[in-house]
Amino acid sequence: GRLLRERVWDHIRGTTSSRATNMVLELNCGTGEDAIWMAKHGWQVLATDASPEMIAVARAKVAVELPESSIQFQTCPFAEIADLPEGGFDLVFSNFGGLNCIPPEDLQRLGKAVAQKLKPGGQFIAIVMSRFCWWETLYFLLKGKPREAFRRLRKKPVEARLDANTRVPTWYYSPSEFQKHLHFTDQKSTVIPVGLWLPPSYLNPFFEKRPRLLACLNFLEKKLAPSWLAMTADHFLICLESTDS
């Protein structure tokens, strides 16, 4: 999981280093890991999440790891993003599948809200679970579970298990589907795979015992992961750039 997150951070560093990026709106911030990283790099962050409990966890983490930071936290579900101030952010960011947890019609409304939040020339970066993951398909086929192996190809939402008592309806997208639902079709876009060679985090028990193999896979992830293979990775990163005027 750390290696996958670092791949995302490397991309953000590379695409925003030449820009005057200083205001970030983070969606589904979770425990605040990304917000802390961005604040350490000098960005002002408004981190939002639908869960008050998750916001409390993030606040507590920041108080320990970065007590002098300017991170602001706000409980704010996706449906209320439109109520935030308009046109004030250089970057709107959503990591690791948060946007897979809302139906396509809600994604369309969110896309309009995000476009209003961005400054001219700003970027929207989302890490989204793809419609096909070769790792997952191979894993479940080897376990004799073909229905699970191809679950992402269904048009209807899949009940994804978070823990023993919680299931969340999840929609999977190809990069083109995701961009179309957002109505950002006229915007300049960049897509890269995240988790093409690096395995999904649920395979950690196997790979943490094989650090050399994991190191090799991480090397391949950095050096041999072209954008056209993004549709076969566990996630894809899509960067959409707003117009300059």
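Start with glutamate 177 and arginine 131. Their side chains meet in a salt bridge, 2.9 Å from N to O. Glutamate 177 sits in helix 7, residues 175-182, and arginine 131 in the loop between strand 5 and helix 5, so the pair ties together parts 46 residues apart in sequence. Keep in mind that this is a predicted model.

How exposed are these two? Glutamate 177 is partly exposed, at 21% relative accessible area. Arginine 131 counts as buried, at 15%.

Glutamate 177 also forms a salt bridge with lysine 155, and here the closest N and O atoms are 3.5 Å apart. Lysine 155 lies in the loop between helix 6 and strand 6, 22 residues from glutamate 177, so this pair links distant parts of the chain too. Lysine 155 is exposed, at 67%.

Now a local pair. Arginine 109 and aspartate 106 form a salt bridge of 2.2 Å, N to O. Both are in helix 4, three residues apart, about one turn of the helix. Arginine 109 is exposed, at 53%. Aspartate 106 is partly exposed, at 28%.

How many salt bridges does the whole structure hold? The search finds 13. Some form a network linking Glu136, Glu148, Arg151, Arg152 and Asp234.

Take arginine 151 from that network. It lies in the loop between helix 6 and strand 6. At 15% relative accessibility, arginine 151 is buried. Beyond its sequence neighbours up to four places away, arginine 151 touches Glu136, Phe140, Val158 and Tyr172.

Last, the surface. Lys143, Lys145, Arg161 and Arg167 gather there in a patch of positive charge. Arginine 161 belongs to strand 6, and at 60% it counts as exposed.

How values were computed
Residues numbered from 1 in each chain as written. Predicted model: local features only at pLDDT ≥ 70, side-chain atom pairs only at ≥ 80, totals over all residues. Heavy atoms only, no water. Patch = residues over 30% accessible without salt bridge, like charges linked within 9 Å, V, L, I, M, F, W, Y side chains within 5 Å. Areas by Shrake-Rupley, 256 points an atom, 1.4 Å probe, with all protein chains shown as cover. Salt bridge = Lys/Arg side-chain N within 4 Å of Asp/Glu carboxyl O. Lys, Arg positive; Asp, Glu negative; His and termini not counted. Charge placed at Lys NZ, Arg CZ, Asp CG, Glu CD. Helix = DSSP H or I, 4+ residues; strand = E, 2+ residues; numbered from the N terminus. Buried < 20%, exposed > 50% of the residue type's maximum accessible area, 1.4 Å probe, protein only. Contact = heavy atoms within 4.5 Å.
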